[in-house]
Amino acid sequence: MLIVIISACDDKLDVVNPNSQTAENYWKNQDQAVAAVNAVYTGFITDGGYMRMYPALTDGRGDDFTGDSPWQDLVQVANFTIFPTSDPVRWIWEAHYQIVYRANQVLTYVPDIEMEEELKQRLLGQAYFLRGLAFFNLANTYKEIPIITVIPEFQDDYYPETDTEEVIWSQIFDDFEKAKSLLPISYNSVVGPDQGQTGRATKGAATGMLGKALLYRKEWKRAIEEFKLLVEGPELNVYSLVPDYRDNFKPFNENNSESLFEIQFADPNTVGGSIYNYGGEPQANWRQVSSVGHTYAMEGVGYSDFLPTHWIFEEFKEEKTVDGDYDPRLFSTISFYEEGVSEIAYGGRWINPETSIYPKKYTHDGIEGYTNENNGTENSGINYRILRYADVLLMYAEALNEDGRTDEAYQYIQEVRDRVELPDLTTVRPDMTAEEMRDQIAHERALELAIESIRIHDIIRWGWLYDSEKLAELKAHDSDFDSWTPGNEYLPIPQIELDVNKNLKPNSAN
């Protein structure tokens, strides 16, 4: 009788869940391949992706942003004292490795599917791009990580070792290179189910991210080659700055001429959904919303979990336009009260202390049709811009300057300045040395790219935290840097990952 009972239990354990497909019964046709690639994109719209925590925990560590939240994890990340047991720190890790796993499935199974060959190559190109972006974010966030490029087959495969920075960045370069070779410039002229779709990774996006990765590793000449393709061509010089800077952060005019790649969000009123896309087991009725706006929005309409620093606020005011006005990017980046200059918020009178300043970028403040932060809920449909042409121009200028071609850098910086009507840099600061130009580019990047999940990466790659003079400047900009200690510029490896995987090494922040 005991044998019969045990056998019956074994049979029940072997039953396949009819509501869940396995790898053995999935990867059969073109439609499944397309759906699998779409699932890789979905990883970026969860809380550990760009839905909230990746931007928040990255922005928070810059000198343009400071934590102001009852949620202590956000404050501790901003002042570099976060513990490895933090849930938000873990969510970023989990979301990005979920993306890696899904991309690896595509790259493993799609090559064997019989389908239209050009579509197959585009799908593989997208998987390489998205995996490269995930590795790029992980490397910049945790510094040393495992590089996983295959689907686990044996038990030991589930416990990957931490790789060296050389291996990590070599893989990032390789993923973006492969994506660049496989992706189209645009989907307007392709043939297949993706014809005319916007928001998918393109050759330009892969080229730009490859250039950015090379720049981060000080591969100046190689970075110049990639940026030159985007700025001067051939073929890829299809990008341009939009006339209105604010259009880069609105729910309108998305995927515009300035955008090389952005994460696609949408209001439930447009696409439906009833369950927030924080993460966990994917569901068909997930929303596709961003919580960045509500997290950053001022008191009275949002959580106000972070505040701009007074340093970045005053930095915007340092140089006036050719007409003697404030830099217009100030009004798109920060909400503030100044009589006769800025007296309203969300289309109504200013309701907070007149000395307070708040984030405006990626919120609905000042956007036509919105009187609060998207009806007071975390339902923002504003796409998150991963790479803008303005960033490309400034990185191109930086690479040229570091390559000893300082004079050539002026024109690309000026393109960015011209949009906001700042004076000609060759007139106000002619004949700069490479060192002077380096500081000028840092200033230009701070203003153009404030609150865009970039500033802390610039600070780290420039070595400012280990330069006593620059560190003193950072502390003057943002008191959060008073509690920084060497190595804590990164987020720690999540403790639960270290506990489970003994091959994983703690990083300098653990």
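Me: What radius of gyration would a compact globule of 510 residues have, and what does the protein have?
Reply: This is a predicted model, and every value below is computed from it. A compact globule with 510 residues would have a radius of gyration near 24 Å; the protein has 23 Å, so the two agree. Along the principal axes, the C-alpha atoms fill a box of roughly 90 × 50 × 45 Å.

Me: How many helices and strands does the protein have?
Reply: There are 21 helices and eight strands.

Me: What share of the contacts joins residues 24 or more positions apart?
Reply: Contacts can be sorted by how far apart their partners stand in the sequence. Among the contacts with a separation of 6 or more, 67% are between residues 24 or more positions apart.

Me: What share of the residues counts as buried, and how much of the accessible surface belongs to carbon and sulfur atoms?
Reply: A residue is called buried when its relative accessible area is under 20%. By that cut-off, 58% of the 510 residues count as buried. The accessible surface comes to about 21400 Å², and 49% of it belongs to carbon and sulfur atoms.

Me: How many positive and negative side chains are there, and how far apart are the centres of the two sets?
Reply: The protein carries 43 positive and 86 negative side chains. The centres of these two sets lie 2 Å apart.

Me: Let us turn to the backbone. Is the peptide bond from G233 to P234 cis or trans?
Reply: The general idea is this: most peptide bonds are trans. The bond from G233 to P234 is cis, with omega near 10 degrees. P234 is placed in the loop between α10 (220-231) and β2 (259-263).

Me: Which value of phi does Y346 have, and which does Y362 have?
Reply: Most residues other than glycine have a negative phi. Y346, which is not a glycine, has a positive phi of about 50 degrees. For Y362, also a residue other than glycine, phi is positive and near 70 degrees.

Me: Where do these tyrosines lie, and are they buried or exposed?
Reply: Y346 is in the loop between β5 (344-345) and β6 (348-349). Its relative accessibility is 5%, and therefore Y346 counts as buried. Y362 is in the loop between β7 (357-359) and β8 (384-388). With a relative accessible area of 2%, Y362 is buried as well.

Me: Where is S453 placed, and which residues does S453 touch?
Reply: S453 is in the loop between α18 (434-448) and α19 (455-461). At 8% relative accessibility, S453 counts as buried. Not counting residues up to four places away in sequence, S453 touches P55, T58, D59 and Y384. With Y384 there is a polar contact between side chains, at 2.7 Å. Separation in sequence and distance in space are read side by side: S453 and L471 are 18 residues apart in sequence, with 20 Å between their C-alpha atoms.

Me: What may be said of S86 and S332?
Reply: S86 is in the loop between α5 (72-78) and α6 (87-109), and its relative accessibility of 5% makes S86 buried. A polar atom of the S86 side chain lies 3.4 Å from the backbone nitrogen of V89. S332 is in helix α14 (residues 329-333) and is buried, with a relative accessible area of 7%. Leaving aside neighbours within four places in sequence, S332 is in contact with Y245, R246, K360 and K361.

Definitions and conventions. Residues numbered from 1 in each chain as written. Predicted model: local features only at pLDDT ≥ 70, side-chain atom pairs only at ≥ 80, totals over all residues. Heavy atoms only, no water. Helix = DSSP H or I, 4+ residues; strand = E, 2+ residues; numbered from the N terminus. Buried < 20%, exposed > 50% of the residue type's maximum accessible area, 1.4 Å probe, protein only. Rg over C-alpha atoms; globule rule 2.2 N^0.38 Å. Contact = heavy atoms within 4.5 Å. Areas by Shrake-Rupley, 256 points an atom, 1.4 Å probe, with all protein chains shown as cover. Lys, Arg positive; Asp, Glu negative; His and termini not counted. Charge placed at Lys NZ, Arg CZ, Asp CG, Glu CD. Polar contact = N/O pair within 3.5 Å; in protein donor to acceptor, adjacent residues only side chain to side chain.
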